[in-house]
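Dear colleague,

I am handing over the structure below, and after it you will find an account of what was found. Please read the two side by side.

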Amino acid sequence: MTETVKRPLVAVAYHSGYGHTAVLAEGVRRGAEKAGAEVAFIPVDAITDADWQRLDEADAIIFGAPTYMGGASAAFHAFAEATSGRYLRNAWADKIAAGFTNSASKSGDKLYSLNFMAALAAQHHMIWVGLGLPPGWNALTAAEDDLNRLGFWIGAAASTPQDGGIDTVHAADIATAEHLGARVTRQAEISIAGKNALARR
(Lines give C-alpha, C1' and ligand atoms only; values in the text may rest on other atoms or scores of the structure.)
Protein backbone atom coordinates (compact mmCIF):
# COMPACT_ATOMS: atom_id res chain seq x y z
CA MET A 1 0.00 0.00 0.00
CA THR A 2 1.46 3.36 -1.06
CA GLU A 3 1.43 6.03 1.62
CA THR A 4 0.25 9.48 0.54
CA VAL A 5 2.95 12.03 1.36
CA LYS A 6 1.77 15.48 2.34
CA ARG A 7 3.01 18.25 0.07
CA PRO A 8 4.88 20.80 2.22
CA LEU A 9 3.32 24.23 2.65
CA VAL A 10 6.10 26.82 2.56
CA ALA A 11 5.24 30.43 3.40
CA VAL A 12 7.40 33.26 2.06
CA ALA A 13 6.80 36.18 4.45
CA TYR A 14 8.65 39.21 3.12
CA HIS A 15 8.82 42.98 2.84
CA SER A 16 10.18 44.82 -0.18
CA GLY A 17 10.67 48.58 -0.20
CA TYR A 18 11.67 49.22 -3.82
CA GLY A 19 11.01 45.87 -5.50
CA HIS A 20 14.48 44.32 -5.29
CA THR A 21 13.66 42.07 -2.35
CA ALA A 22 10.42 41.06 -4.05
CA VAL A 23 12.49 39.74 -6.97
CA LEU A 24 14.41 37.56 -4.50
CA ALA A 25 11.14 36.46 -2.88
CA GLU A 26 9.90 35.34 -6.30
CA GLY A 27 13.13 33.36 -6.67
CA VAL A 28 12.53 31.68 -3.32
CA ARG A 29 8.99 30.85 -4.41
CA ARG A 30 10.16 29.35 -7.71
CA GLY A 31 12.75 27.20 -5.96
CA ALA A 32 10.22 25.94 -3.43
CA GLU A 33 7.58 25.19 -6.07
CA LYS A 34 10.07 23.38 -8.31
CA ALA A 35 11.03 21.25 -5.30
CA GLY A 36 7.39 20.28 -4.80
CA ALA A 37 6.06 22.75 -2.22
CA GLU A 38 2.78 24.58 -2.11
CA VAL A 39 3.75 28.20 -1.49
CA ALA A 40 1.92 30.93 0.42
CA PHE A 41 3.35 34.26 -0.81
CA ILE A 42 2.83 36.94 1.85
CA PRO A 43 3.91 40.60 1.66
CA VAL A 44 3.99 41.39 5.38
CA ASP A 45 3.24 45.11 4.98
CA ALA A 46 -0.20 44.18 3.62
CA ILE A 47 -0.85 41.05 5.66
CA THR A 48 -4.44 39.81 6.02
CA ASP A 49 -6.20 37.46 8.43
CA ALA A 50 -6.10 34.81 5.72
CA ASP A 51 -2.33 35.30 5.43
CA TRP A 52 -1.89 34.82 9.18
CA GLN A 53 -3.87 31.58 8.93
CA ARG A 54 -1.59 30.36 6.13
CA LEU A 55 1.46 31.15 8.26
CA ASP A 56 -0.05 29.13 11.11
CA GLU A 57 -0.70 26.22 8.74
CA ALA A 58 2.71 26.32 7.07
CA ASP A 59 5.33 23.62 7.55
CA ALA A 60 8.06 26.21 6.91
CA ILE A 61 8.33 29.98 6.89
CA ILE A 62 11.02 31.80 4.92
CA PHE A 63 11.46 35.38 6.13
CA GLY A 64 12.70 38.12 3.81
CA ALA A 65 13.43 41.83 4.13
CA PRO A 66 15.74 44.49 2.76
CA THR A 67 18.52 45.72 5.00
CA TYR A 68 18.17 49.44 5.74
CA MET A 69 20.53 51.36 8.02
CA GLY A 70 22.10 48.23 9.47
CA GLY A 71 19.04 46.09 10.01
CA ALA A 72 15.83 44.66 8.61
CA SER A 73 13.27 47.17 7.38
CA ALA A 74 10.79 48.79 9.77
CA ALA A 75 7.88 47.05 8.05
CA PHE A 76 9.45 43.67 8.71
CA HIS A 77 10.09 44.61 12.34
CA ALA A 78 6.42 45.59 12.67
CA PHE A 79 5.45 42.17 11.34
CA ALA A 80 7.85 40.47 13.77
CA GLU A 81 6.32 42.34 16.71
CA ALA A 82 2.85 41.37 15.51
CA THR A 83 3.79 37.69 15.89
CA SER A 84 4.05 38.04 19.68
CA GLY A 85 0.67 36.43 20.30
CA ARG A 86 1.79 33.37 18.38
CA TYR A 87 5.01 33.34 20.39
CA LEU A 88 3.02 33.27 23.62
CA ARG A 89 1.03 30.22 22.55
CA ASN A 90 3.88 28.43 20.72
CA ALA A 91 1.92 28.46 17.47
CA TRP A 92 4.99 28.18 15.25
CA ALA A 93 7.05 25.78 17.35
CA ASP A 94 9.06 23.22 15.33
CA LYS A 95 8.29 24.78 11.96
CA ILE A 96 11.25 25.07 9.61
CA ALA A 97 12.54 28.65 9.22
CA ALA A 98 15.03 30.44 6.96
CA GLY A 99 15.74 33.95 5.72
CA PHE A 100 17.01 36.20 2.94
CA THR A 101 17.90 39.87 2.60
CA ASN A 102 19.20 42.48 0.16
CA SER A 103 21.10 45.75 0.36
CA ALA A 104 23.02 47.97 -2.01
CA SER A 105 26.49 47.38 -0.57
CA LYS A 106 28.28 44.05 -0.80
CA SER A 107 28.20 43.79 2.99
CA GLY A 108 25.75 46.49 3.98
CA ASP A 109 25.47 44.89 7.42
CA LYS A 110 23.13 42.27 5.96
CA LEU A 111 24.22 39.81 8.63
CA TYR A 112 22.35 41.85 11.25
CA SER A 113 19.10 41.35 9.34
CA LEU A 114 19.65 37.62 8.98
CA ASN A 115 20.60 37.33 12.65
CA PHE A 116 17.40 39.15 13.59
CA MET A 117 15.35 36.69 11.54
CA ALA A 118 17.16 33.74 13.11
CA ALA A 119 16.55 35.14 16.60
CA LEU A 120 12.87 35.67 15.75
CA ALA A 121 12.66 32.04 14.65
CA ALA A 122 14.44 30.89 17.82
CA GLN A 123 11.99 32.79 20.01
CA HIS A 124 9.18 30.98 18.21
CA HIS A 125 10.99 27.64 18.85
CA MET A 126 11.37 27.13 15.11
CA ILE A 127 14.17 25.14 13.45
CA TRP A 128 16.53 27.40 11.46
CA VAL A 129 17.93 26.17 8.13
CA GLY A 130 21.03 27.84 6.74
CA LEU A 131 21.85 28.35 3.09
CA GLY A 132 23.78 25.09 2.74
CA LEU A 133 26.21 26.40 0.12
CA PRO A 134 29.94 27.04 0.14
CA PRO A 135 30.99 30.63 -0.47
CA GLY A 136 31.37 31.68 -4.08
CA TRP A 137 33.49 34.33 -5.81
CA ASN A 138 36.33 34.09 -3.27
CA ALA A 139 39.20 32.72 -5.36
CA LEU A 140 40.99 33.51 -8.61
CA THR A 141 39.19 30.60 -10.21
CA ALA A 142 35.79 31.78 -8.94
CA ALA A 143 33.36 34.13 -10.65
CA GLU A 144 30.76 36.74 -9.81
CA ASP A 145 28.11 34.42 -11.21
CA ASP A 146 28.75 31.80 -8.51
CA LEU A 147 25.93 30.79 -6.19
CA ASN A 148 26.35 32.46 -2.79
CA ARG A 149 28.71 34.96 -4.41
CA LEU A 150 28.70 37.14 -1.26
CA GLY A 151 29.68 34.27 1.03
CA PHE A 152 26.83 34.02 3.56
CA TRP A 153 25.98 30.85 5.48
CA ILE A 154 23.06 31.79 7.74
CA GLY A 155 20.75 32.73 4.84
CA ALA A 156 20.61 34.11 1.30
CA ALA A 157 22.04 37.59 0.78
CA ALA A 158 21.99 39.82 -2.28
CA SER A 159 23.58 43.09 -3.35
CA THR A 160 21.66 45.36 -5.76
CA PRO A 161 22.70 48.89 -6.84
CA GLN A 162 20.74 51.47 -4.88
CA ASP A 163 20.02 53.43 -8.05
CA GLY A 164 19.14 50.36 -10.13
CA GLY A 165 15.73 49.02 -11.06
CA ILE A 166 14.43 45.57 -10.31
CA ASP A 167 16.13 44.34 -13.50
CA THR A 168 19.51 44.94 -11.83
CA VAL A 169 19.05 42.24 -9.18
CA HIS A 170 22.01 39.93 -9.87
CA ALA A 171 21.17 36.63 -11.57
CA ALA A 172 23.42 34.73 -9.15
CA ASP A 173 21.58 36.22 -6.18
CA ILE A 174 18.24 35.16 -7.69
CA ALA A 175 19.60 31.65 -8.27
CA THR A 176 20.83 31.56 -4.66
CA ALA A 177 17.32 32.53 -3.50
CA GLU A 178 15.89 29.69 -5.60
CA HIS A 179 18.36 27.31 -3.96
CA LEU A 180 17.14 28.46 -0.53
CA GLY A 181 13.51 27.81 -1.46
CA ALA A 182 14.36 24.30 -2.65
CA ARG A 183 16.50 23.54 0.42
CA VAL A 184 13.79 24.62 2.84
CA THR A 185 11.24 22.52 0.97
CA ARG A 186 13.47 19.46 1.30
CA GLN A 187 13.93 20.07 5.03
CA ALA A 188 10.17 20.48 5.41
CA GLU A 189 9.66 17.13 3.66
CA ILE A 190 12.13 15.49 6.04
CA SER A 191 10.34 17.03 9.02
CA ILE A 192 6.93 15.83 7.82
CA ALA A 193 8.26 12.32 7.16
CA GLY A 194 9.85 12.20 10.62
CA LYS A 195 6.65 13.30 12.34
CA ASN A 196 4.69 10.69 10.39
CA ALA A 197 7.16 7.98 11.37
CA LEU A 198 6.96 8.94 15.04
CA ALA A 199 3.16 8.92 14.90
CA ARG A 200 3.21 5.28 13.70
CA ARG A 201 5.30 4.06 16.65
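With which residues is Ser-73 in contact, leaving aside its neighbours within four places in sequence? They are His-15, Ala-65, Pro-66 and Tyr-68, where contact means heavy atoms within 4.5 Å. Before going further, please note that this is a predicted model, in which local features need pLDDT of at least 70 and side-chain atom pairs count only at pLDDT 80 or more, while totals for chains, interfaces and linings use all residues. Residues are numbered from 1 along each chain as its sequence is written, and side-chain values use heavy atoms, with hydrogens and water left out.

Ser-73 lies in the loop between β4 (71-72) and α3; helices (H or I, at least four residues) and strands (E, at least two) are DSSP runs, numbered from the N terminus. With a relative accessible area of 1%, Ser-73 is buried, a word that stands for under 20% relative accessible area, with exposed meaning over 50% and partly exposed in between (1.4 Å probe, protein chains only). Its side chain makes a polar contact of 2.8 Å with the side chain of His-15. A polar contact is a pair of N or O atoms within 3.5 Å; within protein, one must be able to donate a hydrogen and the other to accept it, and residues adjacent in sequence count only if both atoms are side-chain atoms.

Next, the nonpolar cores, each a set of buried Ala, Val, Leu, Ile, Met, Phe, Trp, Tyr and Cys residues joined through side-chain atoms within 4.5 Å. The largest has 28 residues, and those with the most contacts inside it are Leu-55, Ile-61, Phe-63, Phe-76, Phe-79 and Trp-92. At least two residues of this core come from each of β1 (9-14), β2 (38-43), α2 (49-57), β3 (60-68), α3 (74-82) and α5 (110-123), and α5 gives the largest share, 5 residues. Apart from this core lies another, of 27 residues, among them Val-12, Leu-24, Ala-37 and Ala-188.

Lys-95 and Ile-61 are 34 residues apart in sequence, and their C-alpha atoms are 7.3 Å apart in space. Lys-95 counts as buried because its relative accessible area is 8%. A polar atom of the Lys-95 side chain lies 2.7 Å from the backbone oxygen of Asp-56, and the other residues that Lys-95 touches include Leu-55, Met-126 and Ile-127.

Two helices can be checked for length, taking the expected span as 1.5 Å times one less than the number of residues. The 15 residues of α1 (residues 20-34) should span 21 Å, and the end C-alpha atoms are 22 Å apart, which agrees. For α6 (171-199), 29 residues should span 42 Å, and the end C-alpha atoms are 42 Å apart, which also agrees. The buried residues of α1 include His-20, Leu-24 and Val-28, and what covers the buried residues of α1 includes β1, β2, β3, β5, β7 (156-159) and α6. In α6 the buried residues include Asp-173, Leu-180 and Thr-185, and their cover includes β1, α1, β3, β5 and β7. Thr-185 has 0% relative accessibility and therefore counts as buried; leaving aside neighbours within four places in sequence, its contacts include Pro-8, Val-10 and Ala-32. Gly-36, also in contact with Thr-185, comes just after α1 and takes a positive phi of about 110°.

Asp-109, in the loop between β5 and α5, has a positive phi of about 60° and is partly exposed at 39% relative accessibility. Asn-148, in the loop between β6 (127-128) and β7, has a positive phi of about 50° and is buried at 3% relative accessibility.

Finally, the largest pocket is lined by 21 residues, of which Tyr-18, Tyr-68, Ser-103, Ala-104 and Gln-162 lie nearest its centre. On a 1 Å grid over the protein atoms alone, a pocket is an open set of points where a 1.4 Å probe fits, with protein on both sides within 12 Å along at least five of seven lines, and lining residues have an atom within 4 Å of a point. The largest share of this lining, 3 residues, comes from β3.

With best wishes
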